[in-house]
Amino acid sequence: MKKQGSILIETLASAMILTLTATFIISTSIENSNILRERILQEEVDRAISNLENELKYNTSNEEMHEMLENKIGFKYNGDFSRELTYKNLDELEDGEDIKLNKISEDDIGLNLEIVANIKVGKNEVNVEKKFTKSWWMDEV
């Protein structure tokens, strides 16, 4: 009779250990999946902001920049934002509050700008601020 009691206790203890281990593995997998999605979104947004910066620097004239900055300029972010930059003009992109372009200052070197992106996709949120200068010579090339 003594052996049957200890076997029951050992069975319950091993079932509890297996349950805790399985719970730990599942919760870790879910957390890793969420972190991976956030990192992928961060990379996509960083790439889109870099593409937008290059578009503003090299493919937009100073006159167009001043016209755009007179109005508050913002873009809506979607997964195809970078691809849309290749075949659409900036004024053809969808207006929104996800990506904003702000003028910081202007001096004899060029126009100092800032891109602020606040993107939320599902539970993941990415905030990016990038400052750059559109120099005078970028219109000459």
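Contact here means heavy atoms within 4.5 Å. With that in hand, welcome to this predicted model, in which local features need pLDDT of at least 70, side-chain atom pairs count only at pLDDT 80 or more, and totals for chains, interfaces and linings use all residues. Residues are numbered from 1 along each chain as its sequence is written, and side-chain values use heavy atoms, with hydrogens and water left out.

- Helices (H or I, at least four residues) and strands (E, at least two) are DSSP runs, numbered from the N terminus.
- An open sheet is built from 4 strands in the order β1-β2-β3-β4, with antiparallel pairing; two strands pair if DSSP finds at least two bridges between them.
- At the edges lie β1 and β4, each of which pairs on one side only.
- From one strand to the next, the twist averages 20°.
- Helix α2 packs on this sheet and touches β1, β2, β3 and β4, and its direction makes about 115° with that of β2. Axes are lines fitted to C-alpha atoms, for helices over the stretch in contact, and angles run from 0 to 180 degrees between N-to-C directions.

**Strand β3 and its neighbours**

- Strand β3 (residues 110-121) is mostly covered, with 9 of its 12 residues buried. Buried means under 20% relative accessible area, exposed over 50%, and partly exposed in between (1.4 Å probe, protein chains only).
- Strand β2 (residues 99-106) runs antiparallel to β3, and 7 bridges join the two.
- The hairpin that joins β2 to β3 passes through 3 residues.
- On to β4: β3 and β4 pair in the antiparallel sense over 12 bridges, and Ile115 has Lys130 as its bridge partner in β4.
- The hairpin of β3 and β4 has 2 residues between the strands, and Gly122 takes a positive phi near 65° there.

**The nonpolar core**

- A nonpolar core is a set of buried Ala, Val, Leu, Ile, Met, Phe, Trp, Tyr and Cys residues joined through side-chain atoms within 4.5 Å.
- The largest such core has 26 residues, and Val45, Leu52, Leu56, Phe81, Ile99 and Leu101 touch the most other members.
- Two or more residues of this core come from each of α1, α2 (62-70), β1 (73-75), α3 (81-87), β2, β3 and β4.
- Helix α1 gives the largest share, 6 residues.

**Salt bridges**

- The structure holds 6 salt bridges, each a side-chain nitrogen of Lys or Arg within 4 Å of a carboxyl oxygen of Asp or Glu.
- Glu53 and Lys130 meet through their side chains in one of them, at 2.9 Å from N to O. This pair links distant parts of the chain, 77 residues apart, with Glu53 in helix α1 (residues 2-58) and Lys130 in strand β4 (residues 124-135).
- Glu53 counts as buried at 7% relative accessibility, while Lys130 is partly exposed with a relative accessible area of 29%.
- Arg83 and Asp80 form another, at 3.0 Å from N to O; Arg83 is exposed at 52% relative accessibility, and Asp80 is partly exposed at 36%.
- Lys103 also forms a salt bridge with Glu106, with the closest N and O atoms 3.3 Å apart.
- Salt bridges that share partners join Glu53, Lys57 and Lys130 into one network.
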